[in-house]
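Subject: Structure handover

Hello,

Here is the structure for you to look over. My notes come after it.

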Amino acid sequence: MSTLPLALKLASQPCLVVGGGEVARRKIETLLATGASVEVVATSVDQDLRERCRSAGIAIRDRPFEERDVVGRVLVVAATGDAAVNRAVQQAGAKHHVLVNCVDDAEHSTALFPAVVNRGPVTVGISTEGTSPTLARRLRERIEALLPDSVGPLARYLGSRRNHIKAALADTPSRQRFWDQVLDSELADAVGRGDLDAAEETLDSMLAAAPSPGIVSLVGAGPGDPDLLTLKALHRLQRADVIYHDKLVGAAILDRCRRDSRRIDVGRRSGDGLAVASRQALINDRLERDARRGLRVVRLKGGDPLVFGRGGEEIEALVERGVPFEVVPGVTAGLGCAAVAGIPLTHRRWAQSVRFVTGQVHQGADPDWPELAKPGQTLVVYMGLGALVRLCDRLMGAGAAPTTPAAAISKATLPGQRMVVGSIGDLGALVRAAALEGPVTTIIGRVASFARTSQPQRQVTDFENSAAHSTKPA
């Protein structure tokens, strides 16, 4: 982000438009809508624009632009269509520290006009930093379709009650939670239909009610691509007061969180000296503490929170302590990996069931290897990178054919995703040779022959370059 969107209060503020054509007229209309005090300088002014300026009481200076014209202005718009004149306006603005918008020249502008959705007093500005006005317009059209006309009256009503609520609720977090509850109530509908008495009754009853308790939301972040977040997960992230996240939750996901939320990385780090049990106990204590303070707490986990994410242990702790909680499921890594690799986890002829297993065995427990080695099923192995060779050896030792297809997918759904395809007889060696980095999910079974790659099998492929899609399992 190289520009910072700001809302300028231009009512009665001196602004200048340099230019007298259609482009200048559009900018003048925008400025007039804000109540700005506008003046025009141009060597040639269209008759229509001249009539519009006359009706709006806008002074026109029929002469070339001069540097002194920018002095004392809050904003200057260069809309002449002449690059040399526009450049002179920009240089004058820079010299006198005045914001300048050079139309269709973002490089030489210190202020950019966004595409605006106006539901006064609610306005939404969409800027592409001057790279694509057409894209900004298309985005504006989408947002306009989403925002009802009633959002303006709602904003005015909430503004009229702001000081009252501020006096009743002293601290900022309490007020923020209260307003969120108000917007989730029937008050918005009452204002939308013009029933302000009903809105007032709702507001007063909510203010008199006891403060709502905090809650812990166990939220699945999905396999990594932020576009794979569920709508409910996105809603919780944008409402959270504090977010405890694992190390596998990337920056792209955290960018979707509420800007002023506290974000705490509780992911395990090698060499930090904390045992797994001690770390989990500390997390449980923090979740309870913040929820009892009335905060909206999100425990954010990669994939799905209840699939190999210790979510079950956290639920146990929250139930024992009487802390309200909810679970917001996410796209688990196995499903995400299969999707980007083009692998169907089930198949009418080759795989009638799916098993999700972990490569990290808890407290020395040993899986039922003969059961896992049976044909007619798909194994999805989580966190198995370090134990991949041992895993494949045990499967073959339990009766699985060495030629059983297998695929290892690294960083699935993320820009750096890579895949190695082969069989359980050689997958471990191939993964080592390819130096795949975690997290890696492995899919084993005949369906792994569907792995989408334009290279011969047993090669490392980048998903960006993959095109062909095998349709016949080996």
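This is a predicted model: local features need pLDDT of at least 70, side-chain atom pairs count only at pLDDT 80 or more; totals for chains, interfaces and linings use all residues.

Residues are numbered from 1 along each chain as its sequence is written, and side-chain values use heavy atoms, without hydrogens and water.

**The sheet**

Five strands form an open, parallel sheet in the order β3-β2-β1-β4-β5. Strands here are DSSP runs of E with at least two residues, and helices are runs of H or I with at least four. Two strands pair if DSSP finds at least two bridges between them. The edges are β3 (59–62) and β5, each pairing on one side only.

β1 (residues 14–18) pairs with β2 (residues 37–42) over five bridges, in the parallel sense. There, V17 stands opposite V40. β4 (residues 75–78) and β5 (residues 99–102) are also parallel, over four bridges. L75 faces L99 in β5.

**The crossover**

β4, helix α3 (residues 83–95) and β5 make a right-handed β-α-β unit. Right-handed means that, with the strands pointing away from the viewer, the path from the first strand over the helix to the second runs clockwise.

F308 lies in the loop between β11 (296–301) and α13 (311–321). F308 counts as partly exposed because its relative accessibility is 37%. That class lies between buried (under 20% relative accessible area) and exposed (over 50%), with a 1.4 Å probe and protein chains only.

Best wishes
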